[in-house]
Amino acid sequence: MIRLDDITYIRLGTPDLALAEDFATRVLGLEVTERTAKSLYLRSDARAHTLCYVAGDPADQTAAFEVADAAELEAAAASLEALGHRVSAGTAGGAAERKVKDFIAFDDPSGNRIELVLKPEYRGPRYVGARDAAITGFNHIGLNSTDPVRDEIFWTRVCNARVSDRIGDIPLMRINAIHHTLALVRAAGPGIQHINHQVAERGDVLRNYHLLRRNNVPIVFGPGRHPTSGANFIYFRGPDGMVFEYSCGVDEIKDEASHRPRSFSFEPASLCMWGARPGGLIKGA
Ligand SMILES: [Fe+2]
């Protein structure tokens with residue numbers, strides 16, 4: 001069993017680093033920690049970075065998860081290889097680029113590029129966003145899945161993900177107490193479906209919504225409230241079509257032993273209890 005402790009960062013290819021930086025700072029409210037000729041590092045919490053734009057193809061999207069120690073990383077590589085996944089060991093240069101001690105990379109059953117990392121770098125000074133979006137941290141992602149039933153088995157049996165709730169065949173899965181760190185959403189191919197940052201309170205979701213509107217940022221879904229996690233949310237589109245989300249008030253699963261996943265029907269009301277429609281965010285909903 002591969003024990004994932006937390007989601008660590010997202011790496012996104014982009015043909016236009018300047019445009020990505022403008023959005024990530026002026027709109028999203030992240031803090032630039034480093035620029036190189038080919039990379040832009042952004043943080044949203046105490047870690048040195050939680051999002052990295054890399055000059056290149058926007059189809060190149062990677063999600064990284066932290067594991068506890070070198071033994072855990074080695075065991076993860078061995079169990080993935082035994083299951084037939086091709087595992088690449090990280091080089092020293094690659095680890096430095098990712099601001100981690102070591103890493104491995106592999107594709108999940110849908111072809112999503114996943115990295116398992118060791119000791120991501122933290123920074124002493126607190127995160128200060130480029131604007132006051134009230135972000136409290138990088139929280140979770142939606143991941144494309146060409147077969148959510150198959151991929152749920154991978155994430156829950158090969159890794160330590162647990163299903164908190166389901167909407168149709170979409171599993172919302174936790175790897176710690178937070179209601180979900182990973183959601184699998186049916187799609188034609190691999191990719192990051194959305195990237196979530198938590199904000200301090202419900203008012204910040206609405207305040208950010210008005211800023212997005214003023215900046216003509218396409219709103220995808222919300223403002224609304226998820227019946228599953230209880231979170232207040234707003235989804236919007238950033239560079240290269242990537243969907244970002246601000247939310248707050250997500251439930252925590254306090255008692256692992258007694259929690260039973262609920263099954264919500266696959267319909268808009270299961271995604272928003274206030275009646276917002278998920279305009280294109282989830283195919284068929
Ligand atoms: Fe989300």
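The chain of this predicted model is divided into two domains. Domain 1 covers residues 6–118, and domain 2 covers residues 135–271. Taken over C-alpha atoms, the centres of domain 1 and domain 2 lie 19 Å apart.

## Where the two domains meet

How many residues of domain 1 are in contact with domain 2? The count is 38 residues of domain 1, against 37 residues of domain 2. Together, domain 1 and domain 2 bury about 2700 Å² between them. Carbon and sulfur atoms carry 69% of that buried area.

Now look at the polar side of the interface. Between domain 1 and domain 2, the rule finds 13 residue pairs in polar contact, with both residues at pLDDT 80 or more. For salt bridges across this interface, the rule finds zero.

Which elements of domain 1 supply the side that touches domain 2? Four elements give at least two residues each: β1 (6–14), α1 (17–27), β4 (51–55) and β5 (61–67). Strand β1 gives the largest share, with eight residues. Sorted by class, this side of domain 1 holds 21 nonpolar residues, twelve polar residues and five charged residues.

## The eight-stranded sheet

Next comes the sheet. Strands of a sheet pair through backbone hydrogen bonds, either parallel or antiparallel. Here, eight strands form an open sheet with mixed pairing. Their order is β2-β3-β4-β1-β5-β8-β7-β6. Which strands are at the edges? They are β2 (31–35) and β6 (88–89), each of which pairs on one side only.

Follow β4 first. Strand β4 runs parallel to β1, and five bridges join the two. In this pairing, R11 stands opposite C52 of β4, and L12 has Y53 of β4 as its bridge partner. Strand β4 also pairs with β3 (residues 39–43), this time in the antiparallel sense, over four bridges. There, Y41 stands opposite C52. Strand β6 pairs with β7 (residues 102–107) in the antiparallel sense, over two bridges. S88 stands opposite A105 of β7. Strand β7 also runs antiparallel to β8 (residues 113–118), and six bridges join them. In that pairing, A105 has E115 of β8 as its bridge partner.

Strands β14 and β15 pair in the antiparallel sense over four bridges. Strand β14 spans residues 219–225, and β15 spans residues 232–237. Which residue of β15 stands opposite F221? That residue is Y235.

Strand β14 also holds P223. A cis peptide bond joins G222 and P223, with omega about 10°.

## Positive phi angles

Several residues take a positive phi. Two are glycines in hairpins. G111 is in the hairpin of β7 and β8, which has five residues between the strands. G230 is in the hairpin of β14 and β15, which has six residues between the strands.

Two others are residues other than glycine: K119 and D240. Where is K119 placed? K119 is in the loop between β8 and β9 (135–145). D240 is found in the loop between β15 and β16 (243–248).

The table lists the angles.

| Residue | Phi |
|---|---|
| G111 | near 95° |
| G230 | near 80° |
| K119 | near 50° |
| D240 | near 60° |

## Putting it together

Start from β1 when you view the model. Strand β1 gives eight residues to the side of domain 1 that touches domain 2. Strand β1 is also joined to β4 by five bridges. Strand β4 is itself among the elements that supply that side. From β1, the sheet order leads through β5, β8 and β7 to β6. In the other direction, the order leads from β1 through β4 and β3 to β2. Then turn to β14, where you can find P223 and its cis peptide bond with G222.

Technical notes:
Residues numbered from 1 in each chain as written. Predicted model: local features only at pLDDT ≥ 70, side-chain atom pairs only at ≥ 80, totals over all residues. Heavy atoms only, no water. Domains from an automatic or database assignment. Contact = heavy atoms within 4.5 Å. Buried area = accessible area lost by both parts, 1.4 Å probe. Salt bridge = Lys/Arg side-chain N within 4 Å of Asp/Glu carboxyl O. Polar contact = N/O pair within 3.5 Å; in protein donor to acceptor, adjacent residues only side chain to side chain. Nonpolar A, V, L, I, M, F, W, Y, C, P; charged D, E, K, R; others polar. Pairing = 2+ DSSP bridges.
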